[in-house]
Amino acid sequence: MQWIRAALAYLWSGWGALASILLFFALWDYGNLIYGSFILPSPQETVGRLIELFQEGTAGPELLITSYRSLIGFSIALLVGSGAGILAGLSMTTAMAARPLITILIGVPPIAWIVLALLWFGATDSTPIFTIAVTTLPITFAAGVQGARTLDGDLREMARTFKAPWWLAFIDVHLPHILSYLFPAWITALGMSWKVVVMAELLASNSGVGAGLATARVNLDTSATMAWIVAIVGALLIAEYGILEPIKRRLEQWRDGE
Amino acid sequence: MANRTLVKRTLALNGITHAFGLDEVLSGIDITVAEGEVVALVGPSGCGKTTLLNMAADLLEPDTGSVRNDFTATACLFQEPRLLPWKRTLENIAWGLKVQGVGRCEREQRAVQMATDVGLAEQDFTKFPHELSGGMRQRVALARALAVRPQLLLLDEPFSALDIGLKRELHELLLTEIGQRSLTVLFITHDLMEAVRLADRILVLAADPGRIVHTYNNQRAPQQRDLDYQCSTTAALLNESVVDSAFSSTLG
């Protein structure tokens, strides 16, 4: 019963989001009235074009390919970055040593990574996956370090007085704290991976949404361009609000009302 | 208590000297707590009380001297409740049992029993720590410590953050639990009156470096230590010049 109520409450909380999305569509439509369809196609045209793309059988497979690449790259960053970040954060020395490295890695433009990846891997799946992993990894790594650095010494001592084995202390005492740092970083990394994957595909692949965008550019097809943007943003919204956000709420129940 | 051995268990700290860097915090401390005894360590802040307790709890190794603990189960209670913020009341109480590998069902039963014993109401059982008041949280912490059925209880100023009424309630609760479970207790406090209320034996520590300057054996059984007795005994203790100077030296 409790989870049904939670699910309904979650859906109900979507009204505010829906209202602001509709406002966004209204502004977009207004822009179309001013600049005309060639510069900014209206929402109706765009959605119509997107449906067309789905019916042609282009949009579905391309979106799947893009999602696959993005999720693989994101998962690598999530697992490796968070794990290594937590380990680094447990020691003051490695945390200090890691800081400038994170800054350097975050400072390298994704586009530069794409060029490098293209030289290393060619026009394969590995290029976008590598680029996503390497650009989002510093974000998850930094969050892991932060989470592990700010562990509560009092709670750790409490766990020691009970002679808790390290894994139980980690799961019950440290992990919930670290997750509260990791989750926002994962959401940021997910958004970033979605952007980077399109860029990598546009430059280095002949499949995926990025390749679709490249074709639209060649044909000066603005409505197809907008349709692809809507598709990719829609997919991101589903991943974030359909998967990550509910998990986050479930895990952070204990914060309610704090 | 049927199989109690003739030789009593003890917690013995012998010849403890300890320094943090060049700062000597403890010097030549000998404390023995025998089974069934309630011993209070009283002293001003900074006299090394907590350091001593950490040694008794096996959280810290002394520079010199030895710590011997014959009790098979030891539990600690701190000034802050130190509950896991992401666990509900019963899960927090049962956490020590989880560490011991007690099964989920038994864990829950024992947690409910403990929670009732320390005076928590049923609607508090599923609350998170931030939804409980300070006094309630400390009750949960006490229940968590008692749930592992300790023989020795180490307390680090567990009531000093509470108001007088709550403090008194928890004193009564603690004395009841000590009596019922025949617990041995070593606790630290800076509150002399609290020590007189709870302890059979009071050790007064002075600072710089921490050392025992006075020992007082309580004359009355716990249930006969009324308010008058607490006040007069505290006053008498403070009249001892060593006790007085132990507490006033930190002002200078």
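How many salt bridges does the rule find across the interface of domain 1 of chain B and domain 2 of chain B? The rule finds 2 salt bridges there, a salt bridge being a side-chain nitrogen of Lys or Arg within 4 Å of a carboxyl oxygen of Asp or Glu. In one salt bridge, the side chains of B:R181 and B:D117 meet at 3.3 Å, N to O.

This is a predicted model, in which local features need pLDDT of at least 70 and side-chain atom pairs count only at pLDDT 80 or more, while totals for chains, interfaces and linings use all residues. Residues are numbered from 1 along each chain as its sequence is written, chains are lettered from A and ligands numbered from 1 in the order in which they are written, and side-chain values use heavy atoms, with hydrogens and water left out.

Chain B is divided into domain 1 (33-72 + 154-252) and domain 2 (80-150), with bounds from an automatic or database domain assignment. The centres of these domains of chain B, taken over C-alpha atoms, are separated by 25 Å, and 10 residues of domain 1 are in contact with 10 residues of domain 2, where contact means heavy atoms within 4.5 Å.

Between the chains, 22 residues of chain A are in contact with 24 residues of chain B. The area buried between chain A and chain B (accessible area, 1.4 Å probe, that two parts lose on being put together, summed over both) is about 2100 Å², of which carbon and sulfur atoms give 66%. A:F162, A:D172 and A:W254 supply 33% of the area that chain A buries against chain B. The count between the two chains is 4 salt bridges, and the side chains of A:D154 and B:R82 meet in a salt bridge of 3.4 Å, N to O.
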